[in-house]
Structures are given as C-alpha cells and as structure tokens.
Amino acid sequence: MAQLTAAPLSALVDEPVHIRATGLTPSQLVCLRASLSDEKGNLFYSQAYYKASDTGEVDLEKDPSLGGDFVGVHPMGLFWSLKPETPLKRLMKRDVMNSPFQIQLKLCDPDVPITNRDSSTLTASLTLERWYVAPGVTRIEVKEGRLRGALFLPPGDNHFPGVIDLFGSGGGLIEFRAGLLASRGFATLALAYWGYDDLPRQLREVDIEYFEEAVNFLLRHPKVLGPGVGILSICKGAEIGLSMAINLKQISATVLINGPNFVISNPHVYRGEVSQPTPYSIELISSNALGFVAFHRVYEQTGDVDSQYFFPIEKAQGHFLFIVGEEDKNINSKCYAQQAIEQLRRNGKENWTLLSYPGAGHLIEPPYSPLCYASRIPYVHPNILWGGDVIPHAAAQEHSWKEIQKFLREHLISTRTSQL
Amino acid sequence: MFQLTATPSSALADEPVAIRATGLPPSKVVTLQASLKDEKGNLFQSRAFYRANKAGEIDLEQDPALGGDYVGVHSMGLFWSMKPTVAFQRLLKRDVMNSPFCITLDLYDSVCFKDSATVPPRVSQMVQRWFSGPGVQRKQIREGRVRGALFLPPGEGPFPGIIDLFGNIGGLVEFRASLLASSGFAVLALAYFAYEDLPEKLLEVDLEYFEEAASFLLSHPKIQRPGIGVISVSKGAEIGLAMACYLKQVVATVCINGCNMVVEVPLRYRDLVVPPILPALEYSQVHMSGAVSLQRCFGELLNKSNHQSVLPVEKAEGKILFIVGENDECIHSRAFAERAMDQLRSHGRSTGRMLAYPGAGHLIEPPYAPLCFWSWQHKLACPVVWGGDPVAHASTQEHVWGEIQKFFRQHLVKTTNKL
C-alpha cells in the first residue's frame, strides 16, 4: 500500500518539510503533485517524477526528480516550483494571522498530469499547512497620525529589534514577510504608503517625512529595542529604503533587494528638499517570446550611467545589505547595487555587504516561495517579466533569508543588550 | 500629416511587405502596432517602437525597432512577432481560399505599451495576407479512403505533386499546401485522423492509406509522373520518412522536426508491423509558463537501443531533406535527424541532407508566420512548449521556405518541364 509522509505537517513557510513515499514496488515510476488554492480560489500546481528505490521508497531529501517542474535532488522543489493554473497570477497570502496556505500532496501514476486520466492506481495524499506567523505572534493594526500599516510583534515580554518592511509593486499593504520576520524575533511594521485605506490612491510623491513618522512610531513602541531601526525593502520599497537611510539618522541597518540607486517615477521630498525622478526611455522595453515585458533597459541612458542622478548614499550612517538577482528583468539591479557600492568606496566607506545571486530574478522572497516569473500589476502593465531561473532563484531565497536575519541582528542588537 | 504605407497591401502570406511612415514629428518615438483577429475572433497583436528621422520618416526596411516585441532592423517583425492576447492560442488559417487574414497596422505618436491604448492611433493601414494565389484551385478529395484537399496551380500542368502532412493536431490543415500550390506545385493536404470518416484517434499509422494517397495523386491528369514529393512536420514527418522508406513513388521528402523512429503508435505496411517506442513522460519538464516540454521524453528514446522501431532510411530510393530546429522543445529533432543521416552514411547512401537552424523551434512554418512558442495540444491536459527564439525562428522560416522549394524543384521537376 503506497503511503505518503511529510514532516512537519504544519509549519512556518520558511521551514523545510521532509517528504517520503513508501510501499511502492521496486523501481516504480511515480509522480508527486502539489496543489494549492489561494484565498481567491486561484489554483497553483507543481509536479515531479521519481523512481522508487529497490525497497519501494522515495525520499525527497536524497532522491532526484527525473522531470516535471524541476530536475535533481530538491527536497522543497514542489513548493518553490508551484505555478498558477491561470498564467500571470502571483501567489501572495493576504490574511497572515488566521489561516495558513494549505498544500495538498498527491502520489499518482506518471502519465496523469499530462494526459489527465481520471483514474490512478495510486491514491496516497496528504495536506500540509504553511503558516506566515508563529504561535504567539500578535498583529496590531496601525492607524496613528498618517501611518497606515500593521505591526507584528514576536511573542514574549522582551524588547525586539524594530524593522520597517516595504514592498513596491502595486501599493496596498503586504504583510506576509513582516509576519514571518516577526516569527523570527523582529518587531516588524508592514507599512503601506499608497493604495490602502485613506492613503493616496496613486503615488504622487515619496514624502520621506511620512516614513520618518513610521520610524519614530516604531522607536516609541514599548516593545521595540532602540536606538535604531532596520529596513527590509524590495524594488520601489528599496528605492524608498535607500532614501530613508540617507535622510534619517535612526536607520541602523537597511536591506535593499533589487532596488535602484536613483529616484524612479515620483519625486522624493524631505523637509522642503525635492529630488526629481530620473528621465527614462520607455521605448526600450521588450517582450519575450511569451509576450512578457522586460523593463530593465529603460534607464540605459540615464540611471544606468549618469551619476548626477544617484542618491548620495555616502551620507547614510547605517549599514547596507544589497541583495541582487542577476536575472532581474524588471530593473537593472546588479548595475545599481554596483554603482551604489562604488560610490561608498569612493567616499572611503565600508558599511555595505553585497549578495549577488546568478540566476535569481526580481521577486526574491522568503524561502520556498514559488518563483513568480511574470505577473500583472494593475494600472501599470498586464504582464511584467520579473525574471529568474527556478532552481537558482529558490537557492537565492533560502540563502538570502538567513543572511537578512543575521544582518539585521548584527546591526540592530548591540552586544550589551542582546536579547535573542 | 501622418501617413502610413504598406506595400503590397494585399499579397500572399509568404511575401514581404514594405512598411513606411512619413509626416511624423522629427525624431519622435512612435509605436507601430499590428493586430489580427483569427477566424474564431481571437486577437493577435504585436508592437514595436521606432524613432522618426529628422525628416519625420520611418522605413522598416532600414530603421531599427528600439523596443517592443522585437529589437533591431526587422522589416517583417510586426508579422512574425504577433502574440495571442489569450495565452496558448495558435494562429492557423482554416479557410485558405475565400478570405485572407486582415492585419490592421496602427501608428501611435507616442510609446504605447499597454494592451488597450488610451489614445487613438494617428493613422492606420490594412494589410491582407492570402494563403492562395490567383487561379489556384481547391478540390475536396474523397477517393477510396483518401481524405483531404488538392490544391492545383493555375494552368494546364502537369505539375510536380506533393503530399502535405501535419502532425498530432489532426484534422485537415491546408494553409501550407495552398501556399505551395501558389508557387507552382500540385499539393494534396492529406488528413489521416480526426477528419470526416477517418478514425477519431490515431491508433496506428497504416502506410497503405498513404500509399493510396500517393497513387491517387499520380493518377491525376495534372500531376507529373513518375514520382511525388512529401512535405511533413512533427508526427507527419515520422510518417513522411516512413513513406520515403517504403513507397517507391516517393522521390523527394522534406521532414521537419520529426523522429526517425516509430513513436507512440505502431506503423503497419502490408505484412510489416513496426512496434512503436513510447515517450518516457517522467522526463517531461514544466516550463515557466506552466506549459510542458516533451523534448527529454523523446530524447531518452535515443539512449535505448530500439532497433526494431527505427525507420530503415537506407531503403529510401528518393532524396530526403531533414529540417531541424535546434531549439525544438517538443522533440530532440537534431538528434533524430543526425541518427538518420548516420544510418544513411553507414549504408553508403548519399540520399539525405540536413539543415539545422540554431534558435528555431518545433513549429517551422512558412515565412512571417508568428512564432508559436506554446499552445494547447488536444490530446494533452496541459499546453505544450514548442520552443524557438523569435528572431532566429523568423529567419529560419524564411530560409527554409526557399530551400524546400529548391529541393522539390531539383528532385521533382523533370528537365523537359521547367517551371
């Protein structure tokens, strides 16, 4: 009798799962399929083909997948290779507190996924729970002054290093990464800045004083360790994160994932000083064979080469961790990180670390998140290419998540008051 | 005064079109968009961004696209880079006699990259792409078991005869046959399953059916004797190769991206039954889009010694031209063609020739056909990746079309009857 086991059945999304099949015939070819339905009912699937051992077992920690969504030994491959049934859907958990993602694992005959046969001789299946918050993490709706967002606090009575979590993309409030970071011991403020609640429906300007309010709010909180806070930011969020790090003294540690080192689209404003957006050449966008659009060349004549546009990063006092996906097709991440680092070097500064990942795309997320290769952004474009090759992208996500936590701990917790 | 010209505005689908724009603001970056609705109402589109020169002109034969669906100088780029607005759809003309594809060319005086432009185009032009030339006749064929459509060029003939075979798409696909007929060949688009009273599913390849078709063609008063050609793609190319091996009347065979082995279903010819080799589905790979690449499933077949399923190409008396797309994601075309060529050589035969095209995918079609990178395949539950890099695939289609006609003219046309 074929059986499927997975441990743990319920865990945080950044925790690995050990999957095994037993009770097969020796050398039997099987297909393992994973499926997930997101909160809107969109289906995501992945599959891998394995050959059972002489003892009729498949162990994903040792055995290579022969084909399907990935090839080779990848114990978590079924998770990070999940793909939407409807093209261009992005997997993103909205309610992070009250429910997990449920992933169904099924054993079936190898021809089933391609021929869609109704019957299979194999029927073993199980359901996994993947949570974005650990037990005891609390979520506090933030609606103070102009601030709109959600503060996630780790369990316990301690003080925790404070981090502001900033996304880019389509605005709104994205909470999943903040929930996860809080589960790892950081008081994390998921901060919205447009397209949410009574915030502007469209982003007109980046008002750094709004973000300064957020920093002060965090530092005022009784559970937040001072004297500085960190930033975890991606894309447009990283553009803002960099601007914050330069202007606000209390920023001790800034993680910049695939962001520009110049102003994009909307002017930055801080106490009367305005930094204008960098001119771009939109005609340099290009579609690949599937019609997905790459935007990474549009600053080829300006931000890619001309230092007049660059942020004065040398003025920042805190530390930087640059995370770069070298196959980023949305922005020329590798170039911008290098430019920023060069500028720091020229000014005699060593307050930076670069993690550059070959094969990784734009949307570097927590471990085991499916690679989102392309998706739509309302009002911007129906099919934006983010890029990335699935296997190196998955490895980059695993590695960078650990490095991000190490970096934030190193620069936010001084040795005297180390709590974690 | 914005002006857009496309010359010729009505032509065969394999003929190039010269597109020019004039009266633009000097050095302005504009958008050229091509749109087409197929016979089912599915929309296909492409766009490219050009910069006008100081005289306010754009000439697609000389000027590079800066971005969009292609980059660089590609005068027919708007045609071959068209993509369906709904994923996995394939562009395929069904009625090849009575109507053309109508392509609307729109010029916008700014960079428009969203699917629904917020401003109207400044000027538009309509281009018609026909799949049959003036005077080409189509005759529905229901002779004995043979089912298909015979396309005859205008005139008395006799014309070199060709059988046109497509693959697992089934039914009757006519557009390539009608285009070839427009170049002076008598072409029988031959169905072999899922058409009229033919079997609904392909359970075996009965070579006697194809022999009947070859005999039918050779008995036609407007068709040259004593030999015919075959043009075939994918599963059709496997059948075409089998025809070349076993049927003496087949003197020139073009095999595009086919296997040199009998695959999936057995081949029967009189007393002979050639067992098929089955693709190993566990080696399929899911592409980024969710579509499936089957290339390695077939590739694995090459590792096993399945002599009984290999087609005996050394028995072919006529000439064989293997056309290979090196980025074919459906089958490992190059490896199969090379095996066939090796087999010919090892038997001292010089009847084969291989043309391999880097960057080209599985569905190599007549020139300017949009690259179909992936599409639904009715047998399977998921869409299939055909592969191909757009620019390389487009130049391959142009080159191949010329080579195919040269090949047929060389080996089918008798020296006394020059075309």
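Mentor: Happy to! B:Tyr368 counts as buried, because its relative accessibility is 11%, under the 20% cut-off. Keep in mind that this is a predicted model, so every value here is computed from predicted coordinates. The backbone at B:Tyr368 deserves a look too: phi is near 75 degrees, a positive value in a residue other than glycine. You will find B:Tyr368 in the loop of chain B between strand E23 (352-357) and strand E24 (374-375).

B:Asn257 also has a positive phi, about 50 degrees, although this residue is not a glycine. The loop that holds B:Asn257 runs between strand E17 (250-256) and strand E18 (267-269) of chain B. With a relative accessibility of 0%, B:Asn257 counts as buried.

Next come the cis peptide bonds. One links B:Gly157 to B:Pro158, with omega near -5 degrees. B:Pro158 lies in the loop between strand E12 (146-152) and strand E13 (161-165) of chain B. Another cis bond leads from B:Arg225 to B:Pro226, and here omega is near 0 degrees. As for B:Pro226, its place is the loop of chain B between helix H3 (207-219) and strand E16 (228-233).

Now let us turn to the partner chain. Contact involves 36 residues of chain A and 36 residues of chain B. Between the two chains an area of about 2800 Å² is buried, and carbon and sulfur atoms give 69% of that. On the chain A side, A:Ile114, A:Glu283 and A:Leu290 supply 25% of the area that chain A buries against chain B, more than any other three residues.

Polar contacts between chain A and chain B come to eight residue pairs, both residues being at pLDDT 80 or more.

Which elements of chain A make up the side that touches chain B? Strand E5 (43-51), strand E7 (67-68), helix H2 (112-115), strand E20 (286-287) and strand E25 (381-385) of chain A each supply at least two residues. H2(A) gives the most, with three residues. Sorted by class, that side of chain A has 20 nonpolar, eleven polar and five charged residues.

How values were computed:
Residues are numbered from 1 along each chain as its sequence is written. Chains are lettered from A and ligands numbered from 1 in the order in which they are written. This is a predicted model: local features need pLDDT of at least 70, side-chain atom pairs count only at pLDDT 80 or more; totals for chains, interfaces and linings use all residues. Side-chain values use heavy atoms; hydrogens and water are left out. Contact means heavy atoms within 4.5 Å. Buried area is the accessible area (1.4 Å probe) that two parts lose on being put together, summed over both. A polar contact is a pair of N or O atoms within 3.5 Å; within protein, one must be able to donate a hydrogen and the other to accept it, and residues adjacent in sequence count only if both atoms are side-chain atoms. Helices (H or I, at least four residues) and strands (E, at least two) are DSSP runs, numbered from the N terminus. Ala, Val, Leu, Ile, Met, Phe, Trp, Tyr, Cys and Pro count as nonpolar, Asp, Glu, Lys and Arg as charged, and the others, Gly among them, as polar. Buried means under 20% relative accessible area, exposed over 50%, partly exposed in between (1.4 Å probe, protein chains only).
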